[in-house]
Amino acid sequence: MSSILITGASSGLGAGLAANYAAPGVHLALIGRNAQRLEVTAALCRARGATVAMGLYDVGEAEPLGSWLVEQDQHTPFNLVIAAAGVSAGTGDEDRPEGVALAALQVRSNLLGTIHTIEPLLPRMIARGAGHVAVVSSTAALRGLPYSPGYSASKAGIRAYGEALRALLRPQGIAVTVVVPGFFDTPMTNRWKGPTPFMLSLDKMVAAVRKGLDARRSRIIVPRLLAMGTQAADLMPAPLGDRIMRGFRFRIEPGQ
């Protein structure tokens, strides 16, 4: 039996991947914070033949999440762990800073949430000498967005964490994939008020990520043109890159 853990499964990419993987012979452990939305995802996955375990947890809290993850892995060892949970926010009116609480919330949920998901399971994967871990970063990790510094920092941390884990764990038989998505249609993106270049549907993003995970690619970058443009801004002299990024104006409406 294939056993897959997916966080952020109540919405967006996590929910889309859960539905995509759901099939007879597949066990899904799904984590989310919204009980009603998580149950909708779980019901769809069960209808497609998968067995489902649900965990209603905030990944920003290391416990009791860690204990539940280990219990699930003891019952049905995970072949694939996808850390997709995340939140977003941005600067206030008149380009005022986010403030400590809002910036820290994003680092806690996104970066620490990824660490809280993966670290409890690594000793067990290492003991088995097998497994696949995927972390979901963002093109915002490639060059910080001036109107969303906390989100950019959290996603840059996820990217660095995943790249480091891959180099560390490959000799021990564990694959690590760093997913770097651009814009795609989700409730989180709906809160983004500004340009969304190379926007993809959720289905297309899910299909691209699934294809890369099936091939155990080290990196999944979709769409590449957006990533290349962001990286180009990072390679420019800082004043020029800053001016370009300031021109890419947007606001993120409150919500998670």
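Trainee: What is the relative accessible area of arginine 124?
Mentor: Arginine 124 has a relative accessible area of 25%, and is partly exposed. Bear in mind that this is a predicted model.

Trainee: OK. Which residue does arginine 124 form a salt bridge with?
Mentor: Aspartate 73, and the closest N and O atoms of the pair are 2.4 Å apart.

Trainee: How many salt bridges does the structure hold?
Mentor: Eleven. Side chains of opposite charge can pair when their charged atoms come close.

Trainee: What does arginine 108 pair with?
Mentor: Its side chain meets that of aspartate 58 in a salt bridge, at 3.2 Å from N to O. Aspartate 58 lies in the loop between β3 (51-56) and α3 (62-75), while arginine 108 is in helix α4 (residues 100-118), so parts 50 residues apart in sequence are tied together by the pair. Aspartate 58 is partly exposed at 22% relative accessible area, and arginine 108 is partly exposed at 27%.

Trainee: Which residues are linked in a network there?
Mentor: Asp58, Glu61 and Arg108 are linked in a network of salt bridges.

Trainee: What about arginine 166, which residue is its salt-bridge partner?
Mentor: Glutamate 163, with the closest N and O atoms 2.1 Å apart. Both are in helix α6 (residues 149-169), three residues apart, which means about one helical turn separates them. Arginine 166 is buried, with a relative accessible area of 11%. Glutamate 163 also counts as buried, at 17%.

Trainee: Why does 17% count as buried for glutamate 163?
Mentor: Because buried means under 20% relative accessible area, and glutamate 163 is at 17%.

Trainee: Switching to rings. How many aromatic pairs does the structure hold?
Mentor: One. Tyrosine 57 and tryptophan 68 form a tilted pair, 5.6 Å centre to centre with 50° between the planes. Tyrosine 57 sits in the loop between β3 and α3 and tryptophan 68 in helix α3, so the pair ties together parts that are eleven residues apart in sequence. Tryptophan 68 is buried, at 9% relative accessible area.

Trainee: Now helix packing. At what angle do α1 and α8 cross?
Mentor: Roughly 65°, and the axes of α1 (residues 12-21) and α8 (residues 202-214) come within 9 Å. The crossing of α1 past α8 is right-handed. On the α1 side, Gly12, Leu13, Gly16, Leu17, Asn20 and Tyr21 make the contact. On the α8 side, the contact residues include Leu202, Met205, Val206 and Val209. The residues of this contact divide into eight nonpolar, three polar and two charged.

Trainee: Where is histidine 27, and what does histidine 27 touch?
Mentor: Histidine 27 lies in strand β2 (residues 26-32). Not counting residues up to four places away in sequence, histidine 27 touches several residues, among them Met1, Ile4, Val52, Gln72 and Thr76. Histidine 27 counts as buried, at 8% relative accessibility.

Trainee: Back to backbone. Which peptide bond ending at proline 64 is cis?
Mentor: The one from glutamate 63 to proline 64, with omega near 10°. Proline 64 is in helix α3. Another cis peptide bond joins valine 222 and proline 223, with omega about -5°. Proline 223 is in the loop between β8 (219-222) and α9 (224-235).

Trainee: What is the phi of phenylalanine 198?
Mentor: About 60°, which is positive although phenylalanine 198 is not a glycine. Phenylalanine 198 is in the loop between β7 (192-193) and α8, and is partly exposed at 43% relative accessibility. Arginine 216 has a positive phi too, near 55°. Arginine 216 is in the loop between α8 and β8 and counts as partly exposed, at 44%.

Trainee: Last one. Where is methionine 188?
Mentor: In helix α7 (residues 187-190). Leaving aside neighbours within four places in sequence, methionine 188 is in contact with Gly86, Val87 and Ser88. Methionine 188 is partly exposed, at 25% relative accessible area.

Key. Residues numbered from 1 in each chain as written. Predicted model: local features only at pLDDT ≥ 70, side-chain atom pairs only at ≥ 80, totals over all residues. Heavy atoms only, no water. Helix = DSSP H or I, 4+ residues; strand = E, 2+ residues; numbered from the N terminus. Buried < 20%, exposed > 50% of the residue type's maximum accessible area, 1.4 Å probe, protein only. Contact = heavy atoms within 4.5 Å. Salt bridge = Lys/Arg side-chain N within 4 Å of Asp/Glu carboxyl O. Axes fitted to C-alpha atoms, helices over the stretch in contact; angles between N-to-C directions. Left-handed = near helix turned anticlockwise from the far one by under 90°. Nonpolar A, V, L, I, M, F, W, Y, C, P; charged D, E, K, R; others polar. Phe/Tyr/Trp six-rings, centres within 6.5 Å; stacked < 30°, edge-to-face > 60°.
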